[in-house]
Amino acid sequence: MNEEIKRDGMNSGAETEETAQEEAEKAEDRCENESAGEEETGTETAEQAEEDEALNAKYLRLMADFQNYKRRTEKEKSDIYAYANEKIISELLNVIDNFERALQHECSDERYVEGMAMIFKQFSGVLEKAGLEEIAAEGEDFDPNFHNAVMTEDNPDFESGKVTGVLQKGYLLNKKVIRPSMVKVNN
């Protein structure tokens, strides 16, 4: 019986030794697999980081494009509001010209002339509130952005390149030229 126990003990010792060796090999395999997994995870992490950077850059570009779009549409909207009256005011400029010509003619009824001058002043005030302003011309340097030279003359009272006379007034609407001044320029 002792012999059997010894054999069993040897067998169990041998089995224990084999089991321990197998477990060690399994643990080693697991470590290798884990380190390989870590390498894969490291590669996956690097790829994920690159992908995140690319998505972040794309997001920032998209956000910048959207901000530019918002600014552009706001500017277009403000321009629409600022210049919405341009067409009607351009047509009213002819009325202003005729009104000024009528006021230059002599009339025997002073009250009539005074009333017309008051109406013209009120009309001009309304247009000024809408953003209309007259372009200064006579005595100024000729500027092709604001003046349209239709005649030249030799006038000793003015320097060369100065506007000597205004044939038709020019106007700005909210700092934009809607009609340039027609002028005479000194040689």
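**Reading the sheets and helices**

Biologist: Let's start with strands β4 and β5: in which sense do they pair, and over how many bridges?

Modeller: The general idea is that strands of a sheet pair through backbone hydrogen bonds, either parallel or antiparallel. Here β4, residues 171-173, runs antiparallel to β5, with three bridges between the two. Strands count as paired if DSSP finds at least two bridges between them. The elements themselves are DSSP runs numbered from the N terminus: helices are H or I with at least four residues, strands are E with at least two.

This is a predicted model, so to speak of local features we need pLDDT of at least 70, and side-chain atom pairs count only at pLDDT 80 or more, while totals for chains, interfaces and linings use all residues. Residues are numbered from 1 along each chain as its sequence is written, and side-chain values use heavy atoms, with hydrogens and water left out.

Biologist: Which residue of β5 stands opposite L172?

Modeller: That's V177. Next along, L173 faces K176 of β5. The two strands form a hairpin with two residues between them, and N174 in the turn has a positive phi of about 50°.

Biologist: What is the strand order of the open sheet with antiparallel pairing?

Modeller: Three strands, in the order β1-β4-β5. The edges are β1 (132-134) and β5 (176-179), each pairing on one side only. From one strand to the next, the twist averages 40°. Angles like this come from axes, lines fitted to C-alpha atoms (for helices over the stretch in contact), and run from 0 to 180 degrees between N-to-C directions.

Biologist: Which helix packs on that sheet?

Modeller: Helix α2, residues 86-104; it touches β1, β4 and β5, and its direction makes about 55° with that of β5. A contact means heavy atoms within 4.5 Å.

Biologist: And how do I read a helix pair? At what angle do α2 and α3 pack?

Modeller: Two packed helices are described by the angle between their axes and the distance between the axes. For α2 and α3 (residues 110-129), that's about 155°, with the axes 11 Å apart. So α2 is roughly antiparallel to α3; the cut-offs are under 35 degrees for roughly parallel, over 145 for roughly antiparallel, 65 to 115 for roughly perpendicular, and oblique for the rest.

The residues in contact include I89, L92 and F99 of α2, and M116, F120 and F123 of α3.

Biologist: Where is the pLDDT below 50?

Modeller: pLDDT is the predictor's confidence in each residue, from 0 to 100. Where it is low, the predicted coordinates should not be read in detail. The protein averages 84, and 78% of the residues score at least 70. Residues 1-14 are the stretch with pLDDT below 50, with one contact in the model beyond near neighbours in sequence.
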